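Here is a short report for a first look at this structure. Keep the sequence and the 3D view at hand while reading.

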Amino acid sequence: KPGLNTAGVDIPLTAGKQRSWHVRGTVTNGTSGQPAANISLRLMPREWIPNPIVPSASTDASGTFDISGVIPGSYFLYATGRATGERGAVTRPGAGDPIPVPELITRVPVTMGNADLNNVKVVVDPSFNLSGRVTIEGLSPAESATSLSQIRVRPLRDPDIFGQPAPLVRDPVPSGADGSFTLTGIGPGDYRVFVE
């Protein structure tokens, strides 16, 4: 009950103990054909679960990686990085928190069994932009122009699993005077586009 202490809550880890494995491989820059250094990799479950385990690693100077702690299941292996091979971030306008720059991005399906998965080949390619235009039916040009200045567009991955690399967009993205917008840093996958 509220305000009371509870004792004797024992959680035996051995009851749910499960063997984990490694995913090892190399990452290549699809533009240059060279090994891609400092690429961030993470394994995301393909289906939404409330508390996902997200094993991750980074490539070394030779583009190799070793992700440990992977339990059997179906994943997407996301790889993101910068074309320069250096780690870097941009700063969101009006704030001091950095946002990773996904200049290179890819998504590879991975099915993990009861053994290490070796020699996984990953190729990262440049991210792309998604442009569009919002229109409002039933308004005059003047009313439409005023309303469009207040509309915001932002993408959200579908399914929305915590930890997936997000597009590099201002949150939210202002539309242009004619309702045009551009979402940058888009990688492979499915999205829902929210217009607010």
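This is a predicted model: local features need pLDDT of at least 70, side-chain atom pairs count only at pLDDT 80 or more; totals for chains, interfaces and linings use all residues.

Start in strand 9, where Pro-126 is the bridge partner of Leu-104. A second pair in this region is Ile-105, which stands opposite Asp-125 in strand 9. Strand 8 and strand 9 run antiparallel to each other, and they pair over 2 bridges. A hairpin of 4 residues joins strand 8 to strand 9.

Strand 9 spans residues 117-126 and also pairs with strand 1, residues 21-29. Here the sense is parallel, and the pairing covers 6 bridges. In this pairing Thr-28 stands opposite Val-123 of strand 9.

Strand 8 has another partner too. Strand 5, residues 73-81, pairs with strand 8 in the antiparallel sense over 9 bridges. Within that pairing, Phe-76 has Pro-109 of strand 8 as its bridge partner.

## Thr-106, a buried residue

Which strand holds Thr-106? Thr-106 sits in strand 8, which covers residues 104-112. Is Thr-106 buried or exposed? Its relative accessibility is 11%, so Thr-106 counts as buried. The reasoning needs one cut-off: buried means under 20% relative accessible area.

What does Thr-106 touch, leaving aside neighbours within four places in sequence? Its contacts are Leu-77, Tyr-78, Ala-79, Val-122, Val-123, Val-124 and Pro-188. Val-123 also features in a polar approach: its backbone oxygen lies 3.4 Å from a polar atom of the Thr-106 side chain. Val-123 is the residue that Thr-28 stands opposite in strand 9.

Another of the salt bridges joins the side chains of Arg-24 and Asp-116, at 3.4 Å from N to O. Asp-116 lies in the loop between strand 8 and strand 9, and Arg-24 lies in strand 1, so this pair ties together parts that are 92 residues apart in sequence.

How exposed are its members? Arg-24 counts as partly exposed because its relative accessibility is 28%. Asp-66 is at 37%, so Asp-66 also counts as partly exposed. Asp-116, at 32%, counts as partly exposed.

## The Arg-192 and Asp-158 pair

Arg-192 forms a salt bridge with Asp-158. The closest N and O atoms are 3.4 Å apart. Arg-192 lies in strand 14 (residues 191-195), while Asp-158 lies in the loop between strand 11 (152-157) and strand 12 (173-174), so the pair ties together parts 34 residues apart in sequence.

Is Arg-192 buried or exposed? Arg-192 has a relative accessible area of 51%, so Arg-192 is exposed. Asp-158 has 33% relative accessibility and counts as partly exposed.

## Charges and rings

Two arginines are placed over aromatic rings. Arg-19 lies over the face of Trp-21, at 3.9 Å from the ring centre. Arg-46 lies over the face of Phe-76, at 5.4 Å from the ring centre.

How many aromatic pairs does the structure hold? It holds 1 aromatic pair.

## Two asparagines with positive phi

Asn-38 is not a glycine, yet it has a positive phi of about 55 degrees. Asn-38 is found in the loop between strand 1 and strand 2 (40-45). With a relative accessible area of 27%, Asn-38 is partly exposed.

Asn-119 has a positive phi as well, of about 60 degrees, and is not a glycine. Where is Asn-119 found? Asn-119 is in strand 9. At 62% relative accessibility, Asn-119 counts as exposed.

Conventions:
Residues are numbered from 1 along each chain as its sequence is written. Side-chain values use heavy atoms; hydrogens and water are left out. Buried means under 20% relative accessible area, exposed over 50%, partly exposed in between (1.4 Å probe, protein chains only). A polar contact is a pair of N or O atoms within 3.5 Å; within protein, one must be able to donate a hydrogen and the other to accept it, and residues adjacent in sequence count only if both atoms are side-chain atoms. Contact means heavy atoms within 4.5 Å. Two strands pair if DSSP finds at least two bridges between them. A salt bridge is a side-chain nitrogen of Lys or Arg within 4 Å of a carboxyl oxygen of Asp or Glu. Rings of Phe, Tyr and Trp (its six-membered ring) pair if their centres lie within 6.5 Å; planes under 30 degrees apart count as stacked, over 60 as edge-to-face and the rest as tilted. A charge sits over a ring if NZ of Lys or CZ of Arg is within 6 Å of the ring centre and within 35 degrees of the ring normal.
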